[in-house]
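I opened this entry to keep track of what I looked up, residue by residue and element by element. The notes follow the order in which I went through the model.

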Amino acid sequence: MSMKRIVIIGGSTGIGRRIATDFARYGWRVGAAARNEADLAELKALYPDNIDYSVMDVTAHDVDRKLYDLIETIGGMDVVLYCAGCGWYNPGLEPEDDERTIAVNVGGMTKVCIAAYKYFRDTANVSKGRIAVITSVAATKGLGVSAAYSASKSYQQKYLQALDQLAHIQHVNVGITDIRPGFIDTGLLKRTPKDKLPMVMSLDYAAPRIELAILRGRRVATIDSRWAVVNALWRMIPGCLWPHIALPL
């Protein structure tokens, strides 16, 4: 049985780093991509035989070339996981924060998904490839304190839904996994008052559940069951009432 291969975009820190080390430990070949080469080199040193990396800025024009080069380096790709992301608690609507959020969560994810989809479309892969993206339960409603973040996550979920449909229309052997976690205690929350966040999960708790969703080929996976209930309740709130819901500032 040949070694499985996963490319992780945003693999140098937080969720991506943890998942990269876990898959390397499982015996997978891992291609990690991120902007910080020092972090990537440190990651590779943990599992030098299983991890390779590429310095990549998902907002740059050469994302597809760098992705394909990394795929070639690790000998192919069975799964791509996009967990690069940013977003801020931004009730003051600082434009730089929102612009960066859109550039990474919308522009960057779109570039990676297009390149990965075309790779699976044009490769005679016998087993099904997989495009997995860490979106968020924040996509359920527009959040006033994190407007760009919640909107960008909604875009991601709709884009994945569209790719799934396109793959069926074009008979492309690729599956889609939309991973929707609640709040995870990583650097992404460093500017958010944690005392105002409900049900914050540790990385040790969330990472294995994310990995299981990928390995089982789940179409949509909400991490965890508590957040699935919250999501269902959020969806039931009428649009006319949502502006009057008091979120913490």
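I began with asparagine 231, which I list as buried because its relative accessible area is 6%; buried means under 20% relative accessible area, exposed over 50%, and partly exposed in between, with a 1.4 Å probe and protein chains only. Asparagine 231 lies in helix α7, residues 225-236, where helices (H or I, at least four residues) and strands (E, at least two) are DSSP runs numbered from the N terminus. Leaving aside neighbours within four places in sequence, I found asparagine 231 in contact with Val137, Thr140 and Thr222, contact meaning heavy atoms within 4.5 Å.

I note here that this is a predicted model, in which local features need pLDDT of at least 70 and side-chain atom pairs count only at pLDDT 80 or more, while totals for chains, interfaces and linings use all residues. Residues are numbered from 1 along each chain as its sequence is written, and side-chain values use heavy atoms, with hydrogens and water left out.

**Strands**

Thr222 took me to strand β7 (residues 220-223), where Val220 and Thr222 make up the uncovered face and Ala221 and Ile223 the covered one. I then looked up the pairing of β7 with strand β6 (residues 174-181), which is parallel and runs over 4 bridges; two strands pair if DSSP finds at least two bridges between them. Within this pairing, isoleucine 179 has alanine 221 of β7 as its bridge partner.

Strands β2 (residues 29-34) and β3 (residues 51-55) also run parallel, joined by 5 bridges, and alanine 34 has valine 55 in β3 as its bridge partner. From β2 the chain passes through helix α2 (residues 37-46) to β3 in a right-handed β-α-β crossover, right-handed meaning that, with the strands pointing away from the viewer, the path from the first strand over the helix to the second runs clockwise.

**Rings**

My search of the whole structure gave 4 aromatic pairs; rings of Phe, Tyr and Trp (its six-membered ring) pair if their centres lie within 6.5 Å, and planes under 30 degrees apart count as stacked, over 60 as edge-to-face and the rest as tilted. One of them joins phenylalanine 23 and tryptophan 28 edge-to-face, at 4.7 Å centre to centre and 80° between the planes, and both residues are buried. Ring pairs link Phe23, Tyr26 and Trp28 into a cluster.

**Charges**

Which salt bridge does arginine 25 make with aspartate 22, and at what N to O distance? Their side chains meet at 3.0 Å, N to O, a salt bridge being a side-chain nitrogen of Lys or Arg within 4 Å of a carboxyl oxygen of Asp or Glu. The two residues are separated by about one helical turn, because they are 3 residues apart in helix α1 (residues 14-26). Aspartate 22 is buried, at a relative accessible area of 3%, and a network of salt bridges links Arg18, Asp22, Arg25 and Asp204.

I also followed arginine 65, which is partly exposed at 45% relative accessible area. Arginine 65 forms a salt bridge with aspartate 62, the closest N and O atoms being 3.3 Å apart, and another with aspartate 69, at 3.4 Å, N to O. Aspartate 62 counts as buried at 15% relative accessibility, whereas aspartate 69 is partly exposed at 36%.
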